[in-house]
Amino acid sequence: MKTLLEIQGVVVTAPVGGGRVAVLRDIDLSLKPGGVLGLVGESGAGKSMIGRLVGGILPPGFRVERGAMVFAERDLLGMAPAERRALLGRDIGFIPQQPMTSLNPVRSVGSLFDEHLAKLGVASRVDRRAQAVAALEAVHLPEPEALLGRYAHELSGGMCQRVLIAMAFASRPKLLIADEPTTALDVITQARIMALLGDLCRQHGTAVMFVTHDLRLAAQICDEIAVMYAGEVVERAPGRDLLSTPRHPYSQALRNCSPSLDGP
């Protein structure tokens, strides 16, 4: 099976105090079609920055100093900016952190969907509405027709997250970047969202880059986990193996931060 995403030796720097400081150092990662790669680490480790790097949405002033990044046999770093931007929302889907604040508060769900589907090339307003309703039904949201007229503040956190997931899958992306998709949700809603993501990815053959601070959650769903510390990947291993026998001291510390309820 061909590799969908290949990152080799990437270094990203940011402007600090008149100079530049590396925020990602010598990143080597790969992901196959339909695979699930977990990026795990504490806040500030660089895991979300990798997601933004792949999505082409690095913060202002940040830049790639060296390395290579190939997605679907296309050189991401050599692309024209417009071509790179066109991938996000099409071949690359993105689910941001904080579902309650990620939807535009002054626009209805329907208007957000309409704009997104228009950018995807759905010319007819009637067709866009029909596809929006179908997308909301696919994520098990009740009364999708009525939901199109509602605003973010009228929805729960779990409903907002399902809307974002529906929008991300509207283009049938090859890769989904899920950046802490369940952080602001309660445990029951978190489990439902993760099950929904798994079902949709299997249905569409979508690969996932799953960003989280929860090692145990990542081990349940990820084929491979990369542990991030201070902008570097310090360990890579299959999900279950990394949880049961972590080798790096930092990976061991992450596991110990979330002790099992099976032991004393």
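Helix α4 is followed by glycine 121, whose phi is positive, near 100°. The model is predicted: local features need pLDDT of at least 70, side-chain atom pairs count only at pLDDT 80 or more, and totals for chains, interfaces and linings use all residues. Residues are numbered from 1 along each chain as its sequence is written, and side-chain values use heavy atoms, with hydrogens and water left out. Helices (H or I, at least four residues) and strands (E, at least two) are DSSP runs, numbered from the N terminus.

Helix α4 spans residues 109-119. Its buried residues (under 20% relative accessible area; exposed is over 50%, partly exposed in between; 1.4 Å probe, protein chains only) include Leu112, Phe113, His116 and Leu117. Their cover includes α5 (125-138), α6 (144-147) and α7 (157-169).

An open sheet of 6 strands has the order β6-β7-β8-β3-β9-β10, with mixed pairing. Strands pair if DSSP finds at least two bridges between them. The edge strands are β6 (92-95) and β10 (232-238). Strands β9 and β10 run antiparallel and are joined by 6 bridges. Methionine 228 has valine 233 in β10 as its bridge partner.

The whole structure holds 1 aromatic pair. The ring centres of tyrosine 229 and tyrosine 250 lie 4.6 Å apart with planes at 45°, so the pair is tilted. Rings of Phe, Tyr and Trp (its six-membered ring) pair if their centres lie within 6.5 Å; planes under 30 degrees apart count as stacked, over 60 as edge-to-face and the rest as tilted. Tyrosine 229 belongs to β9 and tyrosine 250 to helix α11, 21 residues apart. Tyrosine 229 is partly exposed at 41%, whereas tyrosine 250 is buried at 12%.

Conventions. Contact means heavy atoms within 4.5 Å.
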